[in-house]
Amino acid sequence: MNAFLMQSESDWNYFTVPQKHGLFNYNNNACAFPLGRVVGGSSTINWMMYVRGNRRDYDHWQALGNPGWDYHTVLRYFKKAEHYRGTRNKNTAEYHGRGGPLSVDDKRWGAPLLAGYLKAGQELGYSIIDANGPEQIGFSVADMTQVNGGRSSVAQSYLRPALDRGNLHIVSRAHVTQILFDDEKRAVGVTYEHLGKRLSEWKWDEDSVARHLYRVSQLLSTDVQLQQDTVCCSYPALMCSFNKTPCVVVTQH
Ligand SMILES: Cc1cc2nc3c(=O)[nH]c(=O)nc-3n(C[C@H](O)[C@H](O)[C@H](O)COP(=O)(O)OP(=O)(O)OC[C@H]3O[C@@H](n4cnc5c(N)ncnc54)[C@H](O)[C@@H]3O)c2cc1C
């Protein structure tokens, strides 16, 4: 299914430039570079593997001068975000959360080769591990960001449950062209194009100025979400809930 979502209208359809030092097995040394262009962003088209990454990377980020990014602190938020439904990781239960918005489940189907792959790992002396647990050297089957076999995307996990809130506005098929800042360099709104109309402007009044600008789009990087009093992280597994604060999501589809 994911393969069909790539290079569909839910994808920005980017392509790399020909690479000098890589992609040797691709025509012209260039390949597709998928990125979600849809409500929920790439979490709506991704492969749904729930892998948080390595503890040492987080600790290293903190050591570089980023307080609060150490693994111990970040783990709290991983757990807070997660609703673990799987049965495989009984021995590492303390690394998983329950009751969070992001549903994580066992992988329901695996190619026959998967069992052979795990067996091969064991024959080599490695354990079968929970890749989100304490030990990351070993062989494992990835957990999935899924609920009842369906996708647990950012849209499904965070936006859908919040749709009834008066302080959430979703403008789909809109393209943000500019982020507006006040004199104190706080993001206060966006300029965007919508349904052929150009330069529509969405601005918050003084009381609801977005104080934290969360990972701003391809204007700065990839995403456009302005929220008041809410600091979010961009990885789906790390997304915090919206709280009761104004939030605008302006998205391409
Ligand atoms: C094919 C694929 C497979 C992946 N597989 C996995 C996986 O198995 N496990 C995993 O953990 N991660 C995976 N990822 C990575 C993961 O999905 C992304 O890291 C994550 O979704 C990024 O979230 P984000 O909110 O930072 O950005 P995005 O999800 O990219 O969201 C950005 C959103 O902003 C919109 N936008 C951008 N510019 C504008 C603009 N100017 N105006 C309006 N809207 C705009 C985009 O259309 C998009 O909807 C995969 C990604 C892809 C593409």
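Me: Which residues make up the largest nonpolar core?
Reply: In this predicted model, the largest nonpolar core consists of Met 48, Tyr 50, Tyr 58, Val 74, Phe 78, Ala 81, Tyr 84, Leu 102, Val 104 and Met 144, 10 residues in all.

Me: Which elements each supply at least two residues of this core?
Reply: Helix α3, residues 71–81, and strand β5, residues 102–104, each supply at least two. The largest share comes from α3, with 3 residues.

Me: What is Met 144 in contact with, leaving aside its neighbours within four places in sequence?
Reply: Met 144 is in contact with Met 48, Met 49, Tyr 50, Val 104, Asp 105 and Lys 107. Of these, Met 48, Tyr 50 and Val 104 are listed in the core along with Met 144.

Me: Ok, helix α5 next. Which of its residues are buried?
Reply: Helix α5 covers residues 154–162, and its buried residues are Val 154, Ala 155, Gln 156, Ser 157 and Tyr 158.

Me: And what do the buried residues of α5 pack against?
Reply: They pack against β5 and against β8, which is residues 150–151.

Me: Why does Val 74 count as buried?
Reply: Because Val 74 has 22 C-beta neighbours inside 10 Å, and the cut-off for buried is 20 or more.

Me: What does Val 74 touch, not counting residues up to four places away in sequence?
Reply: Val 74 touches Tyr 58 and Trp 69. Val 74 and Tyr 58 are 16 residues apart in sequence, and their C-alpha atoms are 7.9 Å apart in space.

Me: New topic, strands. How many bridges join β10 to β11?
Reply: There are 7 bridges between β10, residues 174–181, and β11, residues 187–194. The two strands run antiparallel.

Me: Which residue in β11 is the bridge partner of Ile 179?
Reply: Val 190 is the partner.

Me: How many residues are between the strands in that hairpin?
Reply: The hairpin of β10 and β11 has 5 residues between the strands. Lys 185 lies in that loop and has a positive phi of about 65° although it is not a glycine.

Me: Is Lys 185 buried or exposed?
Reply: Lys 185 counts as exposed, because it has 8 C-beta neighbours inside 10 Å.

Me: What about Arg 173, where does that one lie?
Reply: Arg 173 lies in the loop between β9, residues 168–171, and β10. Its phi is near 55°, a positive value in a residue other than glycine. Arg 173 is exposed, with 12 other C-beta atoms within 10 Å.

Me: Now the whole chain. How many helices and strands?
Reply: The chain has 6 helices and 15 strands. Of its 253 residues, 26% count as buried.

Me: What share of the contacts with a separation of 6 or more comes from residues 24 or more positions apart?
Reply: Such residues account for 45% of those contacts.

Me: Last thing, confidence. What is the mean pLDDT?
Reply: The mean pLDDT of the chain is 82, and 78% of the residues reach 70 or more.

Me: Where does pLDDT stay under 50?
Reply: Over residues 206–247. For that stretch the model has 93 contacts beyond four places in sequence.

Notes. Residues are numbered from 1 along each chain as its sequence is written. This is a predicted model: local features need pLDDT of at least 70, side-chain atom pairs count only at pLDDT 80 or more; totals for chains, interfaces and linings use all residues. pLDDT is the predictor's confidence in each residue, from 0 to 100. Two residues are in contact if their C-beta atoms, placed from the backbone, lie within 7 Å. A nonpolar core is a set of buried Ala, Val, Leu, Ile, Met, Phe, Trp, Tyr and Cys residues joined through C-beta atoms within 7 Å. Helices (H or I, at least four residues) and strands (E, at least two) are DSSP runs, numbered from the N terminus. Two strands pair if DSSP finds at least two bridges between them.
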